[in-house]
Amino acid sequence: MASRWGEQLTISLFGESHGPAVGVVLDGVPPGEELDLEAMEAFIKRRAPGHTPWSTTRKERDTFSILSGFYQGKTTGTPLTIVIENKDARSLDYAKTSYLPRPSHADYTGTVRFKGASDPRGGGHFSGRLTASLCVAGAICKQILERRGIEIYARIAELGGISDLGLDPANPDLSSLKSLADKKLSVVDDEKGKEMVDLIEKVRTQGDSLGGIVQCFALGLPAGLGDPMFGGVESRLASLFYGIPAVKGVSFGDGFDVSRRRGSENNDPFYVDRQGQVRTLTNHEGGINGGITNGMPLVVQVGIKPTPSIGLPQKTVNLQTLSDEFLTIQGRHDPSIVPRAVVVVEAAAAIAILDLVLVAFGLQGLGGMKHGT
Ligand SMILES: Cc1cc2nc3c(=O)[nH]c(=O)nc-3n(C[C@H](O)[C@H](O)[C@H](O)COP(=O)(O)O)c2cc1C
């Protein structure tokens with residue numbers, strides 16, 4: 001089950017960072033959906049490293065091949081298999097990680113869990129490289145959702161302690177959200193973006209790394225998606241977000257801030273808008289009540305840790321001799337994962353939301369539902 005996710009729409013990720021390829025099998029994609037391959041390429045390019053000064057110099061071109069489930073420009077409804085070749089692997093950089101585990105990476109836990117048999121090169125199956133497959137799957141789901149009026153946008157809300165401009169969760173500025181995909185750094189306030197870039201550059205030269213928070217908005221969701229208790233929208237989305245390497249926190253709406261408020265401050269009062277739609281004045285709940293969407297924008301924050309592979313010397317253990325050692329990591333690593341994680345979060349949200357839609361009413365039912373924003 002571990003690398004497979006979903007109910008009505010399932011994704012199954014495969015591959016290792018330095019193997020021949022990574023990829024994904026999507027099962028349950030509705031038949032007859034046109035796929036804009038150029039838009040898919042453009043989407044996954046936002047994740048690829050090597051084209052910005054603040055990402056690793058690894059060149060991951062991320063061109064994909066569709067092996068099944070796609071005929072004459074449309075999905076067939078049978079399993080859609082997509083592979084992305086690995087072309088810029090330098091395995092020598094990682095020769096030591098099998099016995100000198102990188103602190104806070106998965107080298108140690110992966111070795112224990114798979115009894116030393118896992119591929120250690122470039123983090124193997126635990127590598128951020130696997131998120132290229134997640135992005136291809138997300139690009140497909142995003143296109144299917146957009147045709148039905150559901151749009152998903154993500155941005156860097158915070159990086160290295162520097163915050164982007166706040167957006168109203170009840171009514172986020174659409175033009176700001178739409179502009180994010182065309183920017184090198186997905187922030188609303190470009191001045192703040194410049195501060196973030198300067199800080200990344202400074203920390204990179206110090207051999208260190210930075211974390212941050214990605215915020216994601218889903219607009220146009222109908223009220224009534226999701227189930228109570230364990231099948232709630234929060235549970236399903238969070239389970240997919242936590243599958244993204246380096247994600248250490250997920251919060252919906254105002255997150256932990258709600259626990260410091262009174263009910264009178266936190267409740268989102270209902271009203272009927274000019275179109276006769278039930279809406280809320282504020283959106284502290286992030287568009288979800290009782291695990292079910294209420295038609296307001298879905299708002300979620302995803303906390304990303306600093307890249308574990310840093311240039312500074314760190315304490316570790318030698319698993320061959322069981323003695324303490326110092327490790328200095330060579331290799332090519334992102335000084336911050338956050339800029340590249342934005343599109344991964346967007347992709348994961350699209351996959352989870354399409355699955356929720358298909359479980360709730362199938363694609364046809366979407367048109368008949370009341371839309372939020
Ligand atoms: C897009 C992306 C790129 C990543 N790049 C790196 C990297 O260059 N170096 C690194 O040590 N970790 C990188 N990671 C994070 C590790 O894969 C992750 O920290 C590791 O698998 C341990 O998992 P955990 O952080 O979820 O506990 C990346 C993650 C993502 C999502």
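Lysine 142 counts as buried, at 11% relative accessibility, where buried means under 20% relative accessible area, exposed over 50% and partly exposed in between, with a 1.4 Å probe and protein chains only. This is a predicted model, in which local features need pLDDT of at least 70 and side-chain atom pairs count only at pLDDT 80 or more, while totals for chains, interfaces and linings use all residues. Residues are numbered from 1 along each chain as its sequence is written, and side-chain values use heavy atoms, with hydrogens and water left out.

Let me stay with lysine 142 and turn to its partners. Glutamate 346 forms a salt bridge with lysine 142, with the closest N and O atoms 3.0 Å apart; by salt bridge I mean a side-chain nitrogen of Lys or Arg within 4 Å of a carboxyl oxygen of Asp or Glu. Glutamate 346 lies in helix H8 (residues 338-360) and lysine 142 in helix H3, so this pair ties together parts that are 204 residues apart in sequence; helices here are DSSP runs of H or I with at least four residues, numbered from the N terminus. Glutamate 346 also counts as buried, at 3% relative accessibility.

Lysine 142 meets glutamate 146 in a salt bridge as well, at 3.7 Å from N to O, and these two residues, four apart in helix H3 (residues 131-146), are separated by about one helical turn. Glutamate 146, by contrast, is partly exposed, with a relative accessible area of 39%. Together with Arg46, the residues Lys142, Glu146 and Glu346 are linked in a network of salt bridges, and the count of salt bridges by this rule comes to 18.
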